[in-house]
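Me: I have a structure open and would like to learn how to read it. Can we go through some features together?

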Amino acid sequence: MSTSNTNTISSPTQKALRRLLKNKPAIFGMVIIVLAVLVAILGYAITPDSTPNANDQVNEVNLKPPGFQVQMLKVRKNRDIPQPSFFGKMLYGVENPYRLIPINNYHIQNDSIAVEVYAGESIKGSESVFHLADVVHPLSVTNPSIHSNANRLTFSTEKNQQITTNLNDLESQIEASHVYTHTYRFGTDGLGRCLLSRLLIGIRVSLAVGLLAVLISLTIGITMGAIAGYFGGRVDDFIMLIINTMWSIPTLLLVFALVLALGRGFWQIFVAVGLTMWVDVARIVRGQVMSLREIQFVEAANSLGFSDARIIRRHILPNILGPVMVVAAANFAIAILIEAGLSYLGFGIQPPTPSWGTMLAENYSFLLKSNNPFPAIVPGLAIMLMVLAFNLVGNGFRDALDVKTKLG
């Protein structure tokens, strides 16, 4: 055979990949999923609010619209707050060492800064006064006294460090980095939290629930379906009895029962959702294995004395990965919807952990009672987009693996 003819021969996998890459909706879904995975990995390293659970509340600016800007004063908390490494911050967040105070205006006089606290548009707020040293440094709680000598100040920090500085340096530092304009790109929720930050961190919950639920469902479903389809007979009857019994129970009812049995928590949701999704996988795998077990390469493996476990693992399962990948993508989308529904009803991820379903539950009342329905619309759109992305990818896998498709 000539070299040119050899180069033009493509394996079924290569043909399927080419068909998949020509499917524009599937590529769009993949791009959305890849971006979501990157955001989930980077986490608090890229969120405007990097506190744990993006839970830094500024109640004066609750329910503000997207793009809302306000002048903010950062006042140092009077306690030591350890700063983690970059990866520690990325994974778990870090407590904000400053207290954020939205202000309308301010003026510095002598050793103090007086601010008018933001109370709303065209509303005069109350006035608060802070010592310049207290704004910049974590003063000692046990020894909060500040000694002044002309233009110089001496005081103790929370770490019992003696600091001597002058008023001009403190004033310059406050002007440079402690008074700034803060922009809420997606607005704020009912508690004055950054909606964009909570939305981005919520991606972690949705992807984690989907991934672990799918892994659990694939593990149980492939095992049960392969055993039933390969051995048949009474083994098949017994497993089908279990499958049909599980099939007859409404999914949400079964999830509620498992959540009540396991408890409400982060890992319990993964297990509960995964244990309700394996039935679809088992039925598909069983049918595929039953159609393959009589094919010649399986009979050849039996004649060579290979064990049943090896035949299933090495010769049958690799040939049914296509349908399994399709149902796995669909189950991923279903898991995200189930988790959002459970969290919305109060059975899922518990506050203050940002889940898209929890965000909907916290803010849905603002759809009709507020001029800013955005806090409820944003998580709903995020759920819709993520579910759409996985469905598009699942459809793309189905079309790419269909030998009758016209795309290739």
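Reply: Let's start with a helix pair. Val205, Ser206, Leu207, Val209, Gly210, Leu211, Ala213, Val214, Ser217, Leu218 and Ile222 in H7 meet residues of H14. On the H14 side are Val324, Ala328, Asn331, Phe332, Ala335, Ile336 and Glu339. The residues of this contact divide into 13 nonpolar, four polar and one charged. Keep in mind that the model is predicted.

Me: Now the sheets. What is the strand order in the open sheet of five strands?

Reply: The order is E4-E3-E2-E1-E8, and the pairing is antiparallel. Look for the edges next. An edge strand pairs on one side only, and here these are E4 (127-131) and E8 (179-184). From one strand to the next, the twist averages 60°.

Me: How many bridges link E2 and E3?

Reply: Six bridges, in the antiparallel sense. Strand E2 covers residues 98-109, and strand E3 covers residues 112-117.

Me: Which strands does helix H6 lie across?

Reply: Helix H6 (residues 167-178) lies across E1 (68-76), E2, E3 and E8. H6 runs at about 15° to E8. H6 also lies across E6 and E7, running at about 85° to E7.

Me: E6 and E7 are new to me. What is the strand order in their sheet?

Reply: This open sheet of three strands has the order E5-E6-E7, again with antiparallel pairing. E5 and E7 (162-166) are its edge strands. On average, neighbouring strands are turned by 20° against each other, direction ignored. Strand E6 holds residues 152-156, and four bridges pair E6 with E5.

Me: Let's zoom in on one residue. Is His147 buried or exposed?

Reply: Check its relative accessible area. The value is 53%, and exposed means over 50%, so His147 is exposed. His147 is found in strand E5 (residues 146-149). Its bridge partner in E6 is Thr154.

Me: Which residues does His147 touch, leaving out those up to four places away in sequence?

Reply: Arg152, Leu153 and Thr154. Now compare sequence with space. His147 and Thr164 are 17 residues apart in sequence, and their C-alpha atoms are 9.3 Å apart.

Me: What should I look for in the backbone?

Reply: Look at phi and omega. Ala54 has a positive phi near 50°, and Ala54 is not a glycine. Leu63 is a further non-glycine residue with a positive phi, about 55°. Ala54 lies in the loop between helix H3 (24-42) and E1, and Leu63 is found in the loop between H3 and E1.

Me: Is Ala54 buried or exposed?

Reply: Its relative accessible area is 0%, so Ala54 is buried.

Me: And where is the cis peptide bond?

Reply: It joins Pro351 and Pro352, with omega about 5°. Pro352 sits in the loop between H14 and helix H15 (356-363).

Note on methods
Residues numbered from 1 in each chain as written. Predicted model: local features only at pLDDT ≥ 70, side-chain atom pairs only at ≥ 80, totals over all residues. Heavy atoms only, no water. Contact = heavy atoms within 4.5 Å. Helix = DSSP H or I, 4+ residues; strand = E, 2+ residues; numbered from the N terminus. Nonpolar A, V, L, I, M, F, W, Y, C, P; charged D, E, K, R; others polar. Pairing = 2+ DSSP bridges. Axes fitted to C-alpha atoms, helices over the stretch in contact; angles between N-to-C directions. Buried < 20%, exposed > 50% of the residue type's maximum accessible area, 1.4 Å probe, protein only.
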